[in-house]
Each structure stands twice: as structure tokens, then as C-alpha cells.
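Hi there,

Here is the structure I promised to send over. Please have a look at it first, and then read on for what turned up when I went through it.

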Amino acid sequence: MSNTISYDDVLRTLDDLPSLPAVVMELLNSIDQDDVDISVLAKKVSHDQALTAKTLRLANSSLYGLQVKVTTIQQAITYLGFQTTRNLITAAAVTGYFAEGHCPGFDDKAFWRHSIATAACAKVLARHMHFNQDYAFTAGLLHDIGRLVLVSCFPNQYSLTLAYREEHDCYLLAAERQVLGVDHVDAGVALAEHWNFSDTMRQAIAHHHDPEVRGAGFLAAIIHVADAVVHALDLAQVRDDLVPQVSNVAWTALGLDEEIYLQIFRETELQYDEISMVLLS
Amino acid sequence: MTGTYHQLALADVRPGMVLSDVLLDLQGQVLLPQGAVLTEAMLALMPRHGIDMLPVLAEQESPEQAAATRAHHEARIAHLFRKTDADAGNDWATSLLQRFILDFRLGRDHGKEHSHE
């Protein structure tokens with residue numbers, strides 16, 4: 001009996017996933033555009049009360065240090081800007097999107113702890129690199145999203161993958177390739193296409209494990225390093241977590257010294273506490 | 001930066017405690033210098049700056065406690081980095097990250113303290 005899945009199998013299952021709220025799809029697809037009609041979008045988001053509440057709680061967290069409490073999406077846009085608010089809405093929507101608990105052995109909570117921590121760390125890194133912080137945050141949040149596609153659509157095979165990893169104490173990525181034949185990067189890229197992510201975002205998801213590939217882009221390097229830092233800081237609290245090998249090329253591309261890294265570690269921990277309290281509650 | 005500090009929730013910080021590190025606000029501006037002795041008035045202002053955690057110097061631990069904490073961190077970090085071979089020259093970025101994390105958890109002078117023992 002073979003447990004392998006082909007890339008086409010993955011593509012076929014994407015349509016079976018429940019769709020994101022239409023307004024969130026619209027936001028994701030317009031990430032490269034600046035001429036979006038903000039007031040229309042604000043109104044659309046407001047129709048989804050749960051989404052609005054979660055977004056506003058994020059906006060009012062100390063992460064953004066607002067002096068006033070925002071009570072509407074429109075107000076959040078006024079104070080935080082469109083890009084940042086868009087990120088918050090996306091984060092709030094995506095973290096509640098995939099059904100949990102279908103795959104024995106897969107810890108959904110730990111998955112999101114890692115993703116949120118990576119988003120926080122990528123945002124901090126981006127600030128130090130003078131790179132777009134909102135891109136970094138969203139890419140960090142979604143870098144491993146392919147794993148949720150595999151877990152949701154092939155729970156039994158994924159369970160075997162987790163068992164294989166446990167037995168061989170190897171990287172989960174290696175176990176995926178060994179057992180399934182496809183990995184979470186493939187599935188992530190497929191989903192990114194399906195959801196019409198921008199090229200920048202797609203590249204970051206596609207190359208967060210091999211940022212030294214030509215054309216991978218700087219965002220991939222940021223996410224790659226953020227991913228390793230978060231594993232090393234033990235933020236997901238997984239007993240047998242493993243720090244992935246850090247690409248020398250990506251590390252050099254960021255060119256940060258120890259002083260800065262120590263500061264980044266601390267900022268990441270603080271921001272993580274704050275965001276996870278809102279998104280995982 | 002000193003070897004033993006705690007991130008304490010604002011509610012748990014008492015006047016008289018000492019900042020173990022420079023305190024930045026969310027924009028990265030300096031609010032208070034390292035070593036500042038915290039007063040009631042300062043603590044009352046923290047929420048306004050969006051700060052709910054503070055790095056404060058740990059109260060003097062007994063040497064046994066300190067050693068136990070250190071051993072715990074060292075063991076955990078070694079476990080997380082168990083696939084990293086510090087002597088393999090081609091994997092220097094990962095080794096460097098490991099060293100920075102050790103410095104972050106144990107304080108930058110932890111290596112020196114060891115050599116005195």
C-alpha cells in the first residue's frame with residue numbers, strides 16, 4: 001500500500017477546502033494594489049462580526065501602541081493605515097479557517113504558535129532591514145500553510161508522516177518527502193496559486209527552506225531566518241522541536257550582528273505573547 | 001545585558017526592582033536606561049507606552065538555583081540544535097544562531113564565568 005500523494009492529488013483537494021470569507025480573498029488578492037477602495041472594504045469586513053471583533057482586538061493590543069481605542073474597522077484604518085489593518089484582518093481570518101483535530105498526532109495549536117511567532121519575528125527583522133513589515137508579517141504567518149492543506153486533506157497519511165518523524169527524529173520536511181512524496185512547500189505553493197497570492201508572497205512560501213536559490217527574493221531570506229529563530233527560541237513549545245539548518249547565504253544577506261539579534265529575540269518574545277493572546281484565544 | 005533577568009508582567013513588577021536592560025517603547029525609542037530603579041510613578045506610566053512586560057534583574061538566586069537554571073537552558077538548547085554540528089565548518093550560520101541563543105538565555109558573559117570555575 002502506498003501512502004504517497006501526487007502534486008495533482010493536492011491540486012484536486014484544494015477545491016474541497018471551505019473558502020475564506022469573500023472579503024478576505026479580496027484583501028489577499030489586492031495586496032499589491034494601493035488603489036483599493038478602502039471604505040467599501042471596511043464596510044464589507046464590518047458585516048462579519050467575529051472577524052471584526054478579532055481584528056479590533058489585535059489593533060488595540062499594545063503591539064501597535066495606539067493612544068486611543070479603535071472601535072470600527074474604518075477607525076483602525078485611519079490610525080494604523082490600510083496595509084497594517086489588512087494584515088490584521090488576514091491574520092484574524094486565516095487563524096480560524098482550518099478545522100482542527102482531524103489528524104491524530106498533529107498539534108494545531110503548536111502549529112499556530114509557530115506561525116504567529118514567525119510572523120512576529122519576521123516583522124521585527126523587516127523593521128531592522130527597512131523592508132515592508134506588513135509583507136513580512138503575512139508571509140511569516142502563512143509560510144507553513146501548506147502543512148494545514150496536507151493535514152486537512154490527507155489526515156491519515158499525515159499521521160504516518162508524523163510517526164515517521166518521531167521514529168527517525170528527522171526534520172518534518174524530510175519525513176513529508178519520504179512518506180508522502182510531496183511536502184508542505186509544494187502544498188503551500190499550490191494554495192498560494194489557488195488563493196491568488198502576490199508573486200512576492202508566493203516566492204516567500206516557495207523558498208523559505210532554500211532562500212539561496214536564484215530569484216528566491218529577499219522576503220524568503222527573512223522568513224527563513226525568522227523560522228529558525230523561532231524554533232531556537234522554543235516559542236511553539238514542542239517537546240522534540242528541531243532548529244532547521246540556517247542558510248549561510250540568507251544569514252549573510254541579512255547581515256545583522258549579535259547586538260541586534262539579542263534585541264530581535266527579546267522583541268519577538270514580547271510581540272509573540274501579545275499577538276498569540278488575541279489570535280489563539 | 002546581565003546574566004540573570006526575568007521578563008515580568010507589569011502587574012508583578014514592584015517599585016525598587018532594577019531594569020536589567022534598556023527599556024524601549026514599541027517604536028524603538030529609549031524610555032528608561034539599563035539599571036534604572038523602578039518607581040511607582042514610572043510603573044504607572046507603562047501602560048501608556050504599551051508596555052506590559054519588563055526585563056528586571058532577578059533577585060539573587062542561590063548558586064545551586066542558578067546552576068540548575070543554566071543547566072536546564074543549556075540542555076534544552078542542545079536538544080533543539082541536536083542536528084547542528086558546531087564543528088562542521090559549512091554550517092556556521094546555524095552554529096552562530098545557537099551561540100546567540102545561548103548568550104540570550106544565559107547572558108553574554110556566561111562563557112567567561114565558566115572559564116573561572
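In chain B, the C-alpha centres of domain 1 and domain 2 lie 27 Å apart. The assignment places domain 1 of chain B at 5–57 and domain 2 of chain B at 63–116. Please keep in mind that this is a predicted model; its scores are ipTM 0.87 and pTM 0.80.

The mean pLDDT of chain B is 83, with 86% of its residues at 70 or more. Helix H3 (residues 92–106) of chain B has the highest mean, 95, whereas helix H4 (residues 110–116) of chain B has the lowest, 51. For residues 113–117 of chain B the pLDDT falls below 50, and this stretch makes zero contacts in the model beyond near neighbours in sequence. I would read that end of the chain with this in mind.

Chain A averages a pLDDT of 90, and 97% of its residues score at least 70. Among its elements, the lowest mean belongs to helix H2 (residues 22–29) of chain A, at 78, and the highest to helix H14 (residues 218–233) of chain A, at 97.

On to the fold of chain A. Its secondary structure consists of 16 helices and zero strands. With a radius of gyration of 18 Å, close to the 19 Å that the globule rule gives for 281 residues, chain A is as compact as a globular protein of that length. The C-alpha trace of chain A spans about 55 × 45 × 35 Å along its principal axes, and 46% of the 281 residues count as buried. Of the contacts in chain A with a separation of 6 or more, 67% join residues 24 or more positions apart.

Chain A also has two assigned domains, domain 1 (21–94) and domain 2 (100–281), and their C-alpha centres lie 23 Å apart. Where they meet, 17 residues of domain 1 of chain A are in contact with 15 residues of domain 2 of chain A. On the domain 1 side, the elements giving two or more residues are H2, helix H4 (49–59) and helix H6 (82–94) of chain A. H6(A) gives the most to that side, with six residues. By type, the domain 1 side has seven nonpolar, seven polar and three charged residues.

Leaving aside neighbours within four places in sequence, A:Val225 is in contact with A:Leu125, A:Val246, A:Ala250, A:Trp251 and A:Leu254.

Lastly, the interface between the chains: 23 residues of chain A are in contact with 23 residues of chain B. On the chain A side, H14, helix H15 (248–254) and helix H16 (258–279) of chain A are the elements that give two or more residues. The most come from H16(A), with seven residues. The residues on this side of chain A divide into 12 nonpolar, six polar and five charged.

Best wishes

Notes:
Residues numbered from 1 in each chain as written. Chains lettered and ligands numbered in written order. Predicted model: local features only at pLDDT ≥ 70, side-chain atom pairs only at ≥ 80, totals over all residues. Helix = DSSP H or I, 4+ residues; strand = E, 2+ residues; numbered from the N terminus. Rg over C-alpha atoms; globule rule 2.2 N^0.38 Å. Buried ≥ 20, exposed ≤ 12 C-beta atoms within 10 Å, placed from the backbone. Contact = placed C-beta atoms within 7 Å. Domains from an automatic or database assignment. pLDDT = per-residue confidence, 0-100. Nonpolar A, V, L, I, M, F, W, Y, C, P; charged D, E, K, R; others polar.
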